Amino acid sequence: MPKKKWWKESVVYQIYPRSFKDSNGDGTGDLQGIISKLDYLKYLGISVLWISPVYHSPNVDNGYDISDYRGIMTEMGTMADWEALRDGLHSRGMKLVMDLVVNHTSDQHRWFQESRLSKDNPYRDYYIWRPGKEGKEPNNWSSEFSGSAWEYDALTEEYYLHVFSKNQPDLNWDNKTVRYEIYDMMKWWLDKGVDGFRMDVINMIAKDPELPDAPPVNSSPYQWGGEFFINGPRLRYYLREMHTKVLCKYDLMTVGETRWVDADMARFFVDEYRHELNMLFHFELLELDYGPDGKWDKKAWELADFKRIISNWQTKLAESGWNSHFLSNHDHPRMVSRFGNDTTYRVESAKMLATLLHTLQGTPYIYQGDEIGMTNVRFPSIEHYRDIETLNMYEEGLKNSKDPQELREIIYEKGRDNARTPMQWDDSPHAGFTDGTPWINVNSNYQEINVEQAQQDPSSILHYYRKLIELRRQYPLFVYGDYKLLLPKHTQIYSYLRRWEENAETLLVILNFFEESTTFILPERVTFQTGRLLIANYPDTNPVIEMADLKDFTLRPYEACVYLLD
Ligand code: TEU
Ligand code: CA
């Protein structure tokens with residue numbers, strides 16, 4: 001039986017501050033903008049707010065390049081605004097989780113500015129510097145954002161490592177002084193009342209000290225050296241040390257962003273007896289449509305894989321550890337466009353996917369705008385795009401004589417800006433996001449898809465989310481119940497039972513993942529007297545059912561229903 005914890009019972013909402021709400025008309029979302037929407041978050045019912053970085057940053061990667069960990073980015077507001085946000089959340093009974101980006105800093109961080117100056121500068125060893133090899137980069141690793149992972153600095157005639165952009169040099173975690181600086185900074189925020197951290201690429205901090213060349217394998221992440229810095233040998237030690245020095249002293253929530261971690265490895269991070277992290281974000285679902293060459297290489301995803309992956313995580317973490325559930329964030333396309341249908345069945349499929357996220361064992365994460373079914377965007381030309389990953393890929397594609405139209409098509413499907421268009425509040429200009437000119441254009445569908453409209457329409461996606469969140473509050477079964485997959489071989493239906501021994505309740509979840517109708521047949525071994533409907537995405541679903549009703553049960557396009565059985 002899982003141990004009870006507040007962060008297990010929470011629903012987390014992620015805000016990408018630049019795109020949430022602008023309070024002063026400069027076109028960029030800010031802290032006062034978030035504060036003006038706290039009542040909206042309360043109304044939605046979420047319990048934890050995670051905000052993407054708002055620290056000082058030159059914004060090469062929108063705040064994921066930090067130049068001062070202890071200050072608030074001018075565009076976002078002031079420390080007083082941040083404190084008002086914290087207090088506004090706390091007084092409404094919500095918690096605040098901050099993004100912790102400590103694999104790298106900005107190249108404008110004081111540490112890096114010093115580090116560059118000379119080989120014997122006290123900060124030199126805060127980063128990873130190496131001489132070139134025969135006039136070339138120290139090894140063949142490539143950056144996640146295209147090109148080499150090494151940048152030559154003429155000042156000292158050496159290269160520094162940057163797994164992300166060249167303006168995001170990687171910190172040297174083997175240097176104890178660096179680690180202690182980071183722990184101090186974490187304590188400083190925790191003492192200011194932060195309730196937890198989302199830890200950016202936390203399983204990339206421990207590099208293989210030999211920095212060996214990546215073998216010539218034609219498959220990401222190996223082709224770019226990932227096997228030598230992801231889940232590195234000393235990672236375990238650093239996380240344990242972070243726990244001993246910082247985390248164990250507070251009642252906080254931690255979630256690590258960990259690519260290339262599968263359910264077996266996950267136990268090492270989130271096992272309750274290991275004292276490392278509470279939860280992690282794995283990428284097995286979000287990478288289902290990645291081809292062998294990674295993100296920009298398209299592949300169709302299949303429900304069979306989807307079910308296999310979730311079931312595996314549900315089972316492996318059932319005894320010790322905890323799952324987190326999300327289908328989108330600021331780095332990925334919109335979930336309704338990717339896993340649902342963003343045209344004819346936008347409302348039905350968005351509700352169906354939300355049902356999945358809120359009825360699995362684990363903590364659900366909602367990305368801003370998903371609660372109103374915001375969709376991917378198709379800007380007419382590359383000038384409208386802002387994301388460094390997208391722009392670098394496009395530029396490199398052109399250099400390799402790829403067809404610009406083809407590059408645009410893949411950006412439409414995979415680009416990060418899909419999730420970064422401004423939050424759609426109402427049908428006024430720029431969707432009520434700003435009175436000025438937004439830093440990135442609003443999706444042209446804002447007149448139809450916006451919060452105001454959703455609040456007025458009782459059958460909206462928004463009201464459906466509110467109900468799901470309320471159900472999780474009402475029934476511990478939603479949170480703690482165990483998980484049993486039904487119909488594992490069905491190619492169109494995802495269905496499972498949740499059982500909670502403590503009060504002998506059972507939940508039956510039935511989801512049609514496609515636009516074709518299909519038939520659900522209850523397996524013989526599942527028996528019950530009556531089933532009471534808790535939530536469904538069609539208005540006329542049977543409120544009460546008996547076993548016989550489920551022997552031949554037709555599901556309409558993207559139909560979702562959840563019954564409480566007894
Ligand atoms: O993302 C890490 C990460 O895995 C992404 O680079 C991801 O592969 C990519 O965005 C998929 O398109 C984190 C942050 O969430 C991201 O916004 C940052 O750009 C990155 O780290 C560097 O800090
Ligand atoms: Ca602003």
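**Close-up 1. The calcium ion (ligand 2) and its protein donors in a predicted model**. Along the sequence, the donor residues of the calcium ion (ligand 2) follow the spacing D-x1-N-x1-D-x1-T-x1-D.

**Close-up 2. The largest pocket and the residues closest to its centre**. The largest pocket holds about 1000 Å³ of space. It is lined by 42 residues, of which Glu144, Asp293, Lys295, Trp296 and Glu389 are the closest to its centre. Two or more lining residues are given by each of strand S13 (294-298), helix H11 (388-399) and helix H12 (404-414), and the largest share, 5 residues, comes from S13. Sorted by class, the lining of this pocket is made up of 17 charged, 13 polar and 12 nonpolar residues.

**Close-up 3. The largest pocket in relation to domain 1 and domain 2**. Domain 1 is assigned the segments 12-103, 176-383 and 420-465, whereas domain 2 spans 110-161. Because both domains give residues to the lining of the largest pocket, the pocket lies between them.

**Close-up 4. Valine 201, a residue with a positive phi**. Valine 201 is found in the loop that runs between strand S9 (196-199) and helix H6 (235-245). Most residues other than glycine have a negative phi, whereas the phi of valine 201, which is not a glycine, is positive at about 30 degrees. The relative accessible area of valine 201 is 6%, which lies under the 20% limit, so the residue is buried.

**Close-up 5. Leucine 487, in the loop between strands S16 and S17**. The loop that holds leucine 487 lies between strand S16 (482-486) and strand S17 (493-500). Leucine 487 has a phi near 45 degrees, which is a positive value in a residue other than glycine. With a relative accessibility of 18%, leucine 487 counts as buried, because the limit for that class is under 20%.

Methods: Residues are numbered from 1 along each chain as its sequence is written. Chains are lettered from A and ligands numbered from 1 in the order in which they are written. This is a predicted model: local features need pLDDT of at least 70, side-chain atom pairs count only at pLDDT 80 or more; totals for chains, interfaces and linings use all residues. Side-chain values use heavy atoms; hydrogens and water are left out. On a 1 Å grid over the protein atoms alone, a cavity is a set of points where a 1.4 Å probe fits but cannot get out, and a pocket is an open set with protein on both sides within 12 Å along at least five of seven lines; lining residues have an atom within 4 Å of a point. Grid points are joined across faces, edges and corners, and a volume is the space filled by probe spheres set on the points. Helices (H or I, at least four residues) and strands (E, at least two) are DSSP runs, numbered from the N terminus. Ala, Val, Leu, Ile, Met, Phe, Trp, Tyr, Cys and Pro count as nonpolar, Asp, Glu, Lys and Arg as charged, and the others, Gly among them, as polar. Domain bounds come from an automatic or database domain assignment. Donors are N, O and S atoms within 2.8 Å of the metal (3.2 Å for Na, K and Ca); water is not among the atoms, so sites may look incomplete. Buried means under 20% relative accessible area, exposed over 50%, partly exposed in between (1.4 Å probe, protein chains only).
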